[in-house]
Amino acid sequence: MAKTTRTGLIAFEDGTVFRGRAFGAVATNVGEACFNTSMTGYQEILTDPSYFSQIVTMTAVQIGNYGICPDDVESDGPKVKGFIVREVSPVASNWRSNISIQDYLAEAGIPGIEGVDTRAITKKLRVSGALKACITTEDISEEEAVKRAQEFGGLIGVDFVKEVTAKEAYHWDPEMKQSTPFTVVGTDLKLNEDKSAKPRFKVAAMDFGAKYSIYRKLQHHGFDVHVFPATASAEEIKSCKPDCVFLSNGPGDPGAVEYAHATVKELIEDYPTFGICLGHQIITHALGAKTFKLKFGHRGGNQPVKNLETGKVSITAQNHGFASTREELEKTGAIVTEINLNDDTVEGLRLKDKPVFSVQYHPEAAPGPNDADALFVDFYNMVAKHHG
Ligand SMILES: NC(=O)CC[C@H](N)C(=O)O
(Lines give C-alpha, C1' and ligand atoms only; values in the text may rest on other atoms or scores of the structure.)
Protein backbone atom coordinates (compact mmCIF):
# COMPACT_ATOMS: atom_id res chain seq x y z
CA MET A 1 0.00 0.00 0.00
CA ALA A 2 1.54 3.29 -1.04
CA LYS A 3 1.30 6.14 1.41
CA THR A 4 -1.18 8.80 0.39
CA THR A 5 -0.23 12.41 0.17
CA ARG A 6 -3.66 13.54 1.24
CA THR A 7 -3.70 15.26 4.59
CA GLY A 8 -6.19 14.63 7.34
CA LEU A 9 -6.85 16.21 10.68
CA ILE A 10 -8.44 15.68 14.04
CA ALA A 11 -9.96 18.73 15.69
CA PHE A 12 -11.01 18.80 19.34
CA GLU A 13 -13.83 20.78 20.92
CA ASP A 14 -11.26 22.92 22.76
CA GLY A 15 -9.88 24.18 19.44
CA THR A 16 -6.73 22.01 19.30
CA VAL A 17 -5.97 20.50 15.89
CA PHE A 18 -3.54 17.70 14.93
CA ARG A 19 -2.68 17.19 11.28
CA GLY A 20 -1.43 14.00 9.63
CA ARG A 21 -1.60 11.90 6.48
CA ALA A 22 -4.98 10.52 5.51
CA PHE A 23 -5.73 6.83 5.02
CA GLY A 24 -8.95 4.83 4.78
CA ALA A 25 -12.01 6.66 3.49
CA VAL A 26 -12.30 10.24 2.30
CA ALA A 27 -14.84 11.29 4.91
CA THR A 28 -15.60 13.45 7.93
CA ASN A 29 -16.99 12.09 11.21
CA VAL A 30 -17.65 13.39 14.68
CA GLY A 31 -17.44 11.39 17.91
CA GLU A 32 -15.80 11.15 21.29
CA ALA A 33 -12.01 10.91 21.20
CA CYS A 34 -10.45 8.10 23.22
CA PHE A 35 -7.20 6.12 23.28
CA ASN A 36 -6.40 2.41 23.46
CA THR A 37 -3.12 1.08 24.86
CA SER A 38 -3.27 -2.45 23.35
CA MET A 39 -0.12 -3.51 21.52
CA THR A 40 -2.00 -5.78 19.10
CA GLY A 41 -5.56 -6.53 18.13
CA TYR A 42 -6.40 -3.46 16.07
CA GLN A 43 -8.90 -5.43 14.02
CA GLU A 44 -10.83 -6.56 17.10
CA ILE A 45 -10.81 -2.95 18.33
CA LEU A 46 -12.05 -1.57 15.00
CA THR A 47 -14.96 -4.03 14.90
CA ASP A 48 -15.94 -3.94 18.61
CA PRO A 49 -19.45 -2.37 18.59
CA SER A 50 -18.72 -0.75 21.97
CA TYR A 51 -16.63 1.78 20.00
CA PHE A 52 -19.61 3.00 18.00
CA SER A 53 -19.56 6.82 18.34
CA GLN A 54 -15.84 6.97 19.18
CA ILE A 55 -12.68 8.12 17.40
CA VAL A 56 -9.92 5.81 18.60
CA THR A 57 -6.22 6.73 18.92
CA MET A 58 -3.86 3.75 19.25
CA THR A 59 -0.80 4.27 21.45
CA ALA A 60 1.07 1.34 19.81
CA VAL A 61 3.44 2.93 17.32
CA GLN A 62 2.76 0.86 14.21
CA ILE A 63 -0.59 -0.53 13.19
CA GLY A 64 -1.62 -2.70 10.25
CA ASN A 65 1.42 -4.94 9.73
CA TYR A 66 -0.59 -8.19 9.85
CA GLY A 67 -3.46 -6.88 7.74
CA ILE A 68 -7.12 -7.68 8.27
CA CYS A 69 -8.25 -11.31 8.66
CA PRO A 70 -11.87 -12.20 7.90
CA ASP A 71 -11.88 -14.72 10.78
CA ASP A 72 -10.96 -12.13 13.40
CA VAL A 73 -13.88 -9.73 13.20
CA GLU A 74 -15.88 -8.91 16.34
CA SER A 75 -18.98 -7.79 14.41
CA ASP A 76 -20.10 -7.34 10.80
CA GLY A 77 -17.59 -4.53 10.13
CA PRO A 78 -15.65 -1.63 11.64
CA LYS A 79 -17.67 0.36 14.16
CA VAL A 80 -15.29 3.19 15.13
CA LYS A 81 -15.96 6.67 13.73
CA GLY A 82 -12.30 7.29 13.00
CA PHE A 83 -8.87 5.76 13.61
CA ILE A 84 -5.64 7.58 14.50
CA VAL A 85 -2.21 5.97 14.48
CA ARG A 86 1.42 6.98 14.61
CA GLU A 87 2.27 4.91 11.55
CA VAL A 88 0.11 2.67 9.43
CA SER A 89 2.29 -0.15 8.14
CA PRO A 90 3.00 0.13 4.41
CA VAL A 91 3.24 -3.70 4.31
CA ALA A 92 0.61 -6.20 5.48
CA SER A 93 2.12 -9.66 5.73
CA ASN A 94 -0.03 -12.53 6.97
CA TRP A 95 -1.37 -15.65 5.22
CA ARG A 96 -4.72 -15.24 7.02
CA SER A 97 -5.25 -11.69 5.81
CA ASN A 98 -7.15 -10.80 2.64
CA ILE A 99 -7.15 -7.00 2.81
CA SER A 100 -5.03 -4.17 4.22
CA ILE A 101 -6.32 -1.95 7.03
CA GLN A 102 -6.19 1.00 4.61
CA ASP A 103 -8.55 -0.66 2.11
CA TYR A 104 -10.73 -2.14 4.87
CA LEU A 105 -11.43 1.28 6.36
CA ALA A 106 -11.82 2.84 2.91
CA GLU A 107 -14.48 0.25 1.98
CA ALA A 108 -16.29 0.83 5.28
CA GLY A 109 -16.32 4.64 4.82
CA ILE A 110 -14.17 5.28 7.89
CA PRO A 111 -11.43 7.95 7.85
CA GLY A 112 -7.99 7.32 9.36
CA ILE A 113 -5.00 9.57 10.01
CA GLU A 114 -1.37 8.55 10.45
CA GLY A 115 1.80 10.47 11.16
CA VAL A 116 0.17 12.08 14.17
CA ASP A 117 1.82 12.49 17.59
CA THR A 118 -0.42 9.90 19.24
CA ARG A 119 1.44 10.30 22.52
CA ALA A 120 0.51 13.98 22.63
CA ILE A 121 -3.15 13.15 21.93
CA THR A 122 -3.15 10.51 24.67
CA LYS A 123 -1.56 12.87 27.21
CA LYS A 124 -4.03 15.55 26.22
CA LEU A 125 -7.01 13.25 26.81
CA ARG A 126 -5.58 12.07 30.13
CA VAL A 127 -5.28 15.68 31.33
CA SER A 128 -8.48 17.17 29.94
CA GLY A 129 -10.63 14.03 30.01
CA ALA A 130 -12.64 12.67 27.07
CA LEU A 131 -13.23 15.29 24.37
CA LYS A 132 -15.63 15.67 21.51
CA ALA A 133 -13.76 15.59 18.23
CA CYS A 134 -14.06 15.73 14.46
CA ILE A 135 -11.84 13.65 12.17
CA THR A 136 -11.66 14.56 8.52
CA THR A 137 -9.75 13.42 5.44
CA GLU A 138 -11.76 15.80 3.29
CA ASP A 139 -10.88 19.31 2.37
CA ILE A 140 -12.48 21.22 5.20
CA SER A 141 -10.92 24.01 7.23
CA GLU A 142 -9.62 23.64 10.78
CA GLU A 143 -12.23 26.15 11.98
CA GLU A 144 -15.03 24.16 10.39
CA ALA A 145 -13.70 20.89 11.93
CA VAL A 146 -13.52 22.47 15.40
CA LYS A 147 -17.07 23.76 14.96
CA ARG A 148 -18.30 20.29 14.00
CA ALA A 149 -16.54 18.79 17.05
CA GLN A 150 -18.28 21.32 19.29
CA GLU A 151 -21.64 20.56 17.69
CA PHE A 152 -21.38 16.81 18.39
CA GLY A 153 -23.95 16.02 21.07
CA GLY A 154 -21.65 13.70 23.08
CA LEU A 155 -22.49 10.36 24.65
CA ILE A 156 -24.45 11.27 27.76
CA GLY A 157 -28.11 10.31 27.54
CA VAL A 158 -27.88 8.97 23.97
CA ASP A 159 -28.94 5.42 23.10
CA PHE A 160 -26.27 4.08 20.72
CA VAL A 161 -27.23 0.47 21.50
CA LYS A 162 -30.14 0.62 19.08
CA GLU A 163 -27.67 1.36 16.24
CA VAL A 164 -25.68 -1.86 16.74
CA THR A 165 -27.98 -4.46 18.33
CA ALA A 166 -29.28 -7.45 16.31
CA LYS A 167 -32.34 -6.57 14.21
CA GLU A 168 -34.07 -9.80 15.28
CA ALA A 169 -33.50 -12.83 17.47
CA TYR A 170 -31.26 -15.56 16.06
CA HIS A 171 -29.44 -18.74 17.01
CA TRP A 172 -25.66 -18.23 17.09
CA ASP A 173 -23.79 -20.86 15.04
CA PRO A 174 -26.42 -23.61 15.49
CA GLU A 175 -24.10 -26.30 14.11
CA MET A 176 -21.50 -25.37 16.71
CA LYS A 177 -18.85 -25.09 14.01
CA GLN A 178 -16.88 -22.61 16.07
CA SER A 179 -16.98 -24.59 19.29
CA THR A 180 -14.20 -26.75 20.65
CA PRO A 181 -15.73 -29.89 22.20
CA PHE A 182 -15.70 -29.97 25.98
CA THR A 183 -16.80 -32.16 28.82
CA VAL A 184 -17.45 -31.58 32.49
CA VAL A 185 -14.99 -33.20 34.89
CA GLY A 186 -15.90 -32.48 38.48
CA THR A 187 -16.59 -28.78 38.54
CA ASP A 188 -14.17 -27.98 35.69
CA LEU A 189 -14.65 -27.92 31.97
CA LYS A 190 -12.01 -29.92 30.13
CA LEU A 191 -11.38 -30.06 26.43
CA ASN A 192 -12.39 -33.43 25.06
CA GLU A 193 -12.65 -34.96 21.63
CA ASP A 194 -15.90 -36.70 22.58
CA LYS A 195 -18.61 -34.46 21.15
CA SER A 196 -21.37 -36.48 22.83
CA ALA A 197 -20.23 -35.33 26.30
CA LYS A 198 -21.99 -32.01 26.16
CA PRO A 199 -24.59 -31.06 28.71
CA ARG A 200 -25.09 -27.66 27.15
CA PHE A 201 -27.16 -24.92 28.72
CA LYS A 202 -29.35 -22.70 26.63
CA VAL A 203 -28.33 -19.09 27.22
CA ALA A 204 -30.46 -16.13 26.15
CA ALA A 205 -27.88 -13.50 25.20
CA MET A 206 -29.12 -9.91 25.14
CA ASP A 207 -27.19 -8.20 22.35
CA PHE A 208 -26.38 -4.61 23.31
CA GLY A 209 -23.58 -4.56 20.72
CA ALA A 210 -21.90 -7.89 21.48
CA LYS A 211 -18.46 -8.97 20.33
CA TYR A 212 -18.48 -12.30 18.51
CA SER A 213 -15.67 -13.53 20.77
CA ILE A 214 -18.07 -13.57 23.69
CA TYR A 215 -20.48 -15.86 21.86
CA ARG A 216 -17.55 -18.07 20.80
CA LYS A 217 -16.37 -18.27 24.41
CA LEU A 218 -19.86 -19.03 25.70
CA GLN A 219 -20.22 -21.78 23.12
CA HIS A 220 -16.79 -23.17 23.89
CA HIS A 221 -17.64 -23.26 27.59
CA GLY A 222 -20.85 -25.22 27.25
CA PHE A 223 -23.61 -22.88 26.18
CA ASP A 224 -26.01 -22.94 23.25
CA VAL A 225 -26.33 -19.25 22.44
CA HIS A 226 -29.68 -17.67 21.48
CA VAL A 227 -29.28 -13.99 20.71
CA PHE A 228 -31.99 -11.39 21.40
CA PRO A 229 -32.14 -7.73 20.33
CA ALA A 230 -31.66 -5.21 23.12
CA THR A 231 -35.32 -4.21 22.84
CA ALA A 232 -36.66 -7.75 23.36
CA SER A 233 -39.09 -7.93 26.26
CA ALA A 234 -38.61 -10.21 29.26
CA GLU A 235 -41.65 -12.22 28.01
CA GLU A 236 -40.06 -12.81 24.59
CA ILE A 237 -36.86 -13.97 26.23
CA LYS A 238 -38.69 -16.20 28.71
CA SER A 239 -40.68 -17.80 25.89
CA CYS A 240 -37.50 -19.38 24.47
CA LYS A 241 -37.15 -21.19 27.81
CA PRO A 242 -33.50 -20.40 28.49
CA ASP A 243 -31.51 -21.97 31.33
CA CYS A 244 -29.73 -18.69 31.94
CA VAL A 245 -29.20 -15.14 30.66
CA PHE A 246 -26.13 -13.32 29.35
CA LEU A 247 -25.90 -9.51 29.03
CA SER A 248 -23.41 -8.23 26.48
CA ASN A 249 -21.07 -5.28 26.09
CA GLY A 250 -22.18 -2.32 24.00
CA PRO A 251 -21.66 1.35 23.16
CA GLY A 252 -22.57 4.59 24.83
CA ASP A 253 -24.14 5.71 28.08
CA PRO A 254 -25.51 2.82 30.18
CA GLY A 255 -27.95 5.24 31.80
CA ALA A 256 -29.65 5.92 28.47
CA VAL A 257 -31.07 2.44 27.84
CA GLU A 258 -33.89 2.48 30.37
CA TYR A 259 -35.89 -0.17 28.48
CA ALA A 260 -32.97 -2.60 29.05
CA HIS A 261 -32.79 -1.75 32.77
CA ALA A 262 -36.45 -2.75 33.09
CA THR A 263 -36.05 -6.00 31.14
CA VAL A 264 -32.95 -7.03 33.09
CA LYS A 265 -34.62 -6.18 36.39
CA GLU A 266 -37.24 -8.77 35.55
CA LEU A 267 -34.87 -11.40 34.16
CA ILE A 268 -32.47 -11.48 37.11
CA GLU A 269 -35.36 -12.47 39.37
CA ASP A 270 -35.70 -15.77 37.52
CA TYR A 271 -32.45 -16.70 35.76
CA PRO A 272 -28.78 -17.19 36.56
CA THR A 273 -27.22 -14.18 34.85
CA PHE A 274 -23.75 -13.12 33.73
CA GLY A 275 -22.99 -9.61 32.40
CA ILE A 276 -19.96 -8.11 30.69
CA CYS A 277 -19.18 -4.37 30.50
CA LEU A 278 -22.38 -2.62 29.38
CA GLY A 279 -24.18 -5.75 30.63
CA HIS A 280 -22.60 -5.18 34.05
CA GLN A 281 -23.59 -1.51 33.99
CA ILE A 282 -27.18 -2.40 33.03
CA ILE A 283 -27.38 -4.79 36.02
CA THR A 284 -26.18 -1.85 38.13
CA HIS A 285 -29.12 0.25 36.89
CA ALA A 286 -31.56 -2.66 37.19
CA LEU A 287 -30.62 -2.89 40.88
CA GLY A 288 -31.41 0.80 41.32
CA ALA A 289 -27.81 2.09 41.42
CA LYS A 290 -26.24 4.44 38.87
CA THR A 291 -23.24 4.73 36.57
CA PHE A 292 -21.05 7.77 35.98
CA LYS A 293 -18.68 8.88 33.23
CA LEU A 294 -15.00 8.25 33.89
CA LYS A 295 -12.56 11.05 33.11
CA PHE A 296 -10.92 9.28 30.16
CA GLY A 297 -11.99 5.63 30.43
CA HIS A 298 -10.08 2.35 30.49
CA ARG A 299 -9.14 0.97 27.08
CA GLY A 300 -6.37 -1.54 26.54
CA GLY A 301 -5.03 -4.93 27.49
CA ASN A 302 -3.10 -4.02 30.63
CA GLN A 303 -5.68 -3.02 33.24
CA PRO A 304 -5.02 -4.46 36.73
CA VAL A 305 -8.10 -5.68 38.57
CA LYS A 306 -8.19 -6.99 42.15
CA ASN A 307 -10.74 -9.51 43.32
CA LEU A 308 -11.65 -8.30 46.82
CA GLU A 309 -12.94 -11.73 47.83
CA THR A 310 -9.86 -13.77 46.85
CA GLY A 311 -7.15 -11.12 46.81
CA LYS A 312 -6.18 -12.28 43.31
CA VAL A 313 -5.04 -9.66 40.80
CA SER A 314 -5.72 -10.19 37.10
CA ILE A 315 -4.46 -8.22 34.14
CA THR A 316 -7.53 -7.60 32.02
CA ALA A 317 -8.72 -6.31 28.67
CA GLN A 318 -10.96 -3.28 29.01
CA ASN A 319 -12.94 -0.86 26.92
CA HIS A 320 -15.26 1.38 28.86
CA GLY A 321 -15.88 5.05 29.58
CA PHE A 322 -18.49 4.68 32.32
CA ALA A 323 -18.40 2.87 35.67
CA SER A 324 -20.80 1.78 38.40
CA THR A 325 -21.16 3.87 41.53
CA ARG A 326 -19.80 1.79 44.40
CA GLU A 327 -21.72 3.34 47.32
CA GLU A 328 -25.02 3.05 45.52
CA LEU A 329 -24.34 -0.54 44.50
CA GLU A 330 -23.53 -1.49 48.06
CA LYS A 331 -26.71 0.20 49.26
CA THR A 332 -28.72 -2.11 46.98
CA GLY A 333 -27.19 -5.08 48.79
CA ALA A 334 -24.95 -6.09 45.86
CA ILE A 335 -21.40 -7.14 46.68
CA VAL A 336 -18.63 -5.26 44.90
CA THR A 337 -16.31 -8.15 44.05
CA GLU A 338 -13.55 -6.44 42.05
CA ILE A 339 -11.90 -3.05 41.68
CA ASN A 340 -9.51 -1.46 39.19
CA LEU A 341 -6.14 -0.94 40.85
CA ASN A 342 -5.41 2.21 38.81
CA ASP A 343 -8.36 4.22 40.07
CA ASP A 344 -10.29 2.01 42.55
CA THR A 345 -13.44 1.98 40.40
CA VAL A 346 -15.86 -0.97 40.43
CA GLU A 347 -14.90 -3.84 38.12
CA GLY A 348 -17.28 -6.57 39.28
CA LEU A 349 -20.35 -7.34 41.33
CA ARG A 350 -22.43 -10.25 42.50
CA LEU A 351 -25.74 -10.58 44.27
CA LYS A 352 -25.91 -12.12 47.74
CA ASP A 353 -29.18 -13.88 47.27
CA LYS A 354 -29.31 -14.68 43.54
CA PRO A 355 -27.03 -16.43 41.00
CA VAL A 356 -26.08 -13.18 39.27
CA PHE A 357 -22.61 -11.74 38.65
CA SER A 358 -20.97 -9.36 36.22
CA VAL A 359 -17.66 -7.75 35.34
CA GLN A 360 -16.78 -4.38 33.87
CA TYR A 361 -13.80 -5.81 31.97
CA HIS A 362 -13.63 -8.28 29.08
CA PRO A 363 -12.88 -11.90 30.09
CA GLU A 364 -13.13 -12.88 26.40
CA ALA A 365 -10.08 -10.62 25.78
CA ALA A 366 -9.88 -10.21 21.96
CA PRO A 367 -7.54 -8.45 22.16
CA GLY A 368 -5.84 -8.84 25.50
CA PRO A 369 -4.78 -11.22 28.25
CA ASN A 370 -6.77 -14.34 29.15
CA ASP A 371 -6.37 -14.07 32.94
CA ALA A 372 -10.14 -13.89 33.40
CA ASP A 373 -11.14 -16.72 31.05
CA ALA A 374 -12.24 -18.82 34.03
CA LEU A 375 -15.28 -16.56 34.48
CA PHE A 376 -16.98 -18.49 31.68
CA VAL A 377 -16.38 -21.71 33.65
CA ASP A 378 -17.72 -19.97 36.77
CA PHE A 379 -20.86 -19.04 34.83
CA TYR A 380 -21.28 -22.65 33.65
CA ASN A 381 -20.85 -24.00 37.17
CA MET A 382 -23.26 -21.41 38.60
CA VAL A 383 -25.93 -22.40 36.06
CA ALA A 384 -25.28 -26.13 36.66
CA LYS A 385 -25.66 -25.63 40.42
CA HIS A 386 -28.87 -23.65 39.95
CA HIS A 387 -30.43 -26.34 37.79
CA GLY A 388 -28.67 -29.09 39.78
N1 LIG B 1 -17.37 -2.31 26.28
C2 LIG B 1 -18.51 -1.87 26.78
O3 LIG B 1 -19.49 -2.59 26.92
C4 LIG B 1 -18.57 -0.40 27.09
C5 LIG B 1 -19.73 -0.01 27.97
C6 LIG B 1 -20.07 1.48 27.94
N7 LIG B 1 -20.45 1.88 26.63
C8 LIG B 1 -18.91 2.31 28.46
O9 LIG B 1 -18.28 2.98 27.71
O10 LIG B 1 -18.61 2.29 29.64
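Student: How many nonpolar, polar and charged residues are in the shell around the ligand?

Tutor: This is a predicted model, so read everything here as computed. Sort the shell by residue class. Here that gives 5 nonpolar, 7 polar and no charged residues.

Student: Which residues are around the ligand?

Tutor: They are S50, N249, G250, P251, G252, P254, C277, L278, N319, H320, G321 and F322.

Student: Which strand gives the most to the shell around the ligand?

Tutor: Strand β18, residues 313-324, with 4 residues.

Student: Is β18 mostly covered or mostly open?

Tutor: Mostly covered. In β18, 10 of 12 residues are buried.

Student: How do I read its pairing? Which way do β17 and β18 run, and how many bridges join them?

Tutor: Look at direction, then count bridges. Strand β17, residues 291-307, runs antiparallel to β18, and 10 bridges join the two.

Student: What do β17 and β18 form, and how many residues lie between them?

Tutor: A hairpin, with 5 residues between the strands. Check the turn for backbone angles as well. G311 there has a positive phi of about 80 degrees.

Student: What about the nonpolar core? Which residues touch the most other members?

Tutor: The general idea comes first. In soluble globular proteins, nonpolar side chains tend to be buried together. Here the largest nonpolar core has 104 residues, and I10, A11, A133, V203, A205 and I283 touch the most other members.

Student: Why does this core lie between domain 1 and domain 2?

Tutor: Because both domain 1 (7-151) and domain 2 (161-387) give residues to the core. Zoom in on one member. Leaving out residues up to four places away in sequence, A11 touches V17, A133, C134, E142, A145, V146 and A149.

Student: How many Å separate the centres of the two domains?

Tutor: Taken over C-alpha atoms, 28 Å. The contact takes 23 residues from domain 1 and 24 residues from domain 2.

Student: Which elements give two or more residues to the domain 1 side?

Tutor: β3 (28-36), α1 (42-47) and α3 (118-128). The largest share, 3 residues, comes from β3. By class, that side divides into 9 nonpolar, 9 polar and 5 charged residues.

How values were computed:
Residues are numbered from 1 along each chain as its sequence is written. This is a predicted model: local features need pLDDT of at least 70, side-chain atom pairs count only at pLDDT 80 or more; totals for chains, interfaces and linings use all residues. A nonpolar core is a set of buried Ala, Val, Leu, Ile, Met, Phe, Trp, Tyr and Cys residues joined through C-beta atoms within 7 Å. A residue is buried if 20 or more other C-beta atoms lie within 10 Å of its own, exposed if 12 or fewer, and partly exposed in between; C-beta atoms are placed from the backbone. Domain bounds come from an automatic or database domain assignment. Two residues are in contact if their C-beta atoms, placed from the backbone, lie within 7 Å. A residue is near a molecule or strand if its C-beta atom, placed from the backbone, lies within 6 Å of it. Ala, Val, Leu, Ile, Met, Phe, Trp, Tyr, Cys and Pro count as nonpolar, Asp, Glu, Lys and Arg as charged, and the others, Gly among them, as polar. Two strands pair if DSSP finds at least two bridges between them.
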